[in-house]
Amino acid sequence: MRQNFPWYPIFLREMLLFRRKLLRLGYLFSAMVVPIIYLIAFGLGLGRSVQIRGIDYMTFLIPGLVAMSSMNNSYTWVASALNLNRLYFKTFQVFVQAPISPSSIMIGEVLAGMVKGLFASALIIIVGFLTPSGFSITPLFFMTLLLNCFLFANLGVITGMLAKSHEDTATYSNFFIMPMAFFSGTFFPVDKIPNFIKPVIYLMPLTHTNIVIRKSVLDIEGLISFAVLIIYSIAFFVYGSKLIKKYSE
Amino acid sequence: MIRVIGLTKNYGSIRAVDSISFEIKKGEVFGLLGPNGAGKTTTIKMLTTLSKPDSGKCIIDGFDVVKNPYEIKKRIGVVPQENNLDRELTARENLLIYGMLHGVRDMEKKMAEPLKIVDLWDRRDSVVLSFSGGMQRRLLLARALLTEPFVLFLDEPSIGLDPQIRRQMWDIVRKTRIDGRTVVLTTHYIEEAEALCDSVGILSRGRLIALDSPENLKAIVGEYVVEFINGDGKLIQNVCKTRDDAHEIAKQRGDGVTIRRSNLEDVFIKLTGERIETGEPVE
């Protein structure tokens with residue numbers, strides 16, 4: 001077991017904790033509240049009268065909400081859990097003192113974050129199928145969703161390692177995650193944004209997720225965006241592993 | 001078994017550990033005694049790969065802690081000062097995750113012995129949140145024993161425990177000394193160091209100021225203490241080398257004088273002019 005999957009105990013631990021959380025129903029509802037509010041406010045409220053690129057707004061919005069929600073959940077869970085485990089509960093120290101590599105710690109935490117991101121996404125996908133829209137799931141959609149969860153779980157590890165207090169993680173989130181949720185094509189296409197801001201927009205990984213996740217087939221634009229997501233993922237993984245390796249009290 | 005040479009650690013401009021050196025033999029129970037802030041925990045963190053030293057070396061079982069952390073991690077068990085159990089998981093789950101992290105096979109079987117040693121076998125399926133402070137510290141000890149480590153590190157094993165429960169903890173620590181296991185502990189309780197340790201290093205402000213068996217340390221300062229309250233209501237303590245010296249002082253003083261055996265606190269006061277448990281200066 002250990003030789004093949006040294007990350008497994010770290011993943012298992014998060015899953016045991018997650019299961020306990022799920023059993024408390026309050027969590028499930030709170031995970032669903034935000035996306036459903038967006039869906040009602042933007043989709044049913046604003047979106048009734050709007051068409052984007054010839055498709056109705058709900059069909060445009062739902063993949064964006066899935067991308068946003070998978071980002072939020074993968075990222076936030078990992079960042080805050082890792083930060084709390086490191087600074088308050090000190091359980092992170094148990095991993096550091098175990099004979100496993102920094103990248104194994106990284107993989108265990110990231111996979112757990114992905115499961116939580118996918119779980120939140122599944123809730124929205126279910127709601128998406130229940131609302132009248134042309135929303136459907138393609139293999140490309142699913143691949144992009146997985147990659148997005150992976151990318152932001154890795155970013156979560158970086159924040160969790162760097163943040164000097166739990167309040168700090170909220171600051172990171174306000175500066176990086178919040179703007180991405182709104183300006184990277186979740187609620188409206190990025191080509192509506194003034195040209196001078198566009199370079200920043202295209203630096204945001206979620207912009208590229210939103211580009212690929214709405215495509216039915218992978219064209220050149222989609223391929224470039226997919227490549228950008230992979231490059232970000234690798235960079236975040238390498239940097240996160242390095243932070244764990246350098247960890248010293 | 002353990003060799004520490006010139007170990008130093010700075011936090012900003014504060015030198016937490018100042019070039020300490022010592023050796024611990026296989027099978028020995030070694031104690032680092034000193035007040036809070038003396039550098040005990042920092043030393044343990046460096047020995048257990050959690051903190052990288054600024055300079056100096058530590059070698060455990062032939063491996064350098066900085067160069068071969070992986071080999072060190074396979075050989076040690078740590079009970080940290082701060083409880084780092086997963087409080088929302090059961091005792092069994094806590095041990096399971098820890099054992100898997102350390103590559104222990106046959107977990108269900110292996111778990112029984114340490115849980116029985118610390119007397120928590122019957123509570124193995126309870127969530128840690130429902131445990132008292134003493135039970136949680138015992139579970140930490142069971143977790144550290146799970147991997148059958150060569151060296152067991154205990155950072156303040158009985159901190160925050162009632163005196164009576166502290167004694168139970170000592171009995172358990174004594175039970176863990178099997179198969180020539182080396183135990184390194186830190187404490188600011190004088191009694192704990194005297195009850196458990198074969199040799200004691202006294203730390204003060206990051207420096208190792210004395211190192212010997214408790215008996216020898218006490219013999220150096222004097223084995224008897226004459227205590228009395230002086231005219232200003234202050235407690236005066238005179239440490240004497242021999243019983244006769246002590247009686248001589250007691251005779252001169254007259255009533256209200258007690259003679260007792262010296263302890264490690266007297267050693268610490270003699271060396272630093274301060275008390276261990278409170279860090280207060282003594283006149």
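At what angle do helix α2 (residues 25-46) of chain A and helix α5 (residues 102-130) of chain A pack? The angle is about 40°, and the axes of α2(A) and α5(A) lie 10 Å apart. Axes here are lines fitted to C-alpha atoms, for helices over the stretch in contact, and angles run from 0 to 180 degrees between N-to-C directions. That makes α2(A) oblique to α5(A); angles under 35 degrees count as roughly parallel, over 145 as roughly antiparallel, 65 to 115 as roughly perpendicular, and the rest as oblique.

This is a predicted model, in which local features need pLDDT of at least 70 and side-chain atom pairs count only at pLDDT 80 or more, while totals for chains, interfaces and linings use all residues. Residues are numbered from 1 along each chain as its sequence is written, and chains are lettered from A and ligands numbered from 1 in the order in which they are written.

Helices (H or I, at least four residues) and strands (E, at least two) are DSSP runs, numbered from the N terminus. On the α2(A) side of the helix pair, A31(A), M32(A), P35(A), I36(A) and L39(A) meet A120(A), L123(A), I124(A) and V127(A) of α5(A). Two residues are in contact if their C-beta atoms, placed from the backbone, lie within 7 Å. The residues of this contact are nine nonpolar, no polar and no charged. Ala, Val, Leu, Ile, Met, Phe, Trp, Tyr, Cys and Pro count as nonpolar, Asp, Glu, Lys and Arg as charged, and the others, Gly among them, as polar.

Chain B holds an open sheet of three strands in the order β12-β11-β13, with antiparallel pairing. Strands β12 (235-240) and β13 (257-261) of chain B stand at the edges with a single partner strand each, so one side of each has no neighbour in the sheet. Two strands pair if DSSP finds at least two bridges between them; β11 (residues 224-229) of chain B and β12(B) have six. Within this pairing, V226(B) stands opposite N238(B) in β12(B). Helix α9 (residues 243-253) of chain B packs on the sheet and touches β11, β12 and β13 of chain B.

How do the two chains meet? In the contact, 22 residues of chain A touch 23 residues of chain B. On the chain A side, α1 (8-23) and α4 (92-96) are the elements that give two or more residues. The largest share, seven residues, comes from α1(A). By class, this side has 13 nonpolar, four polar and five charged residues.
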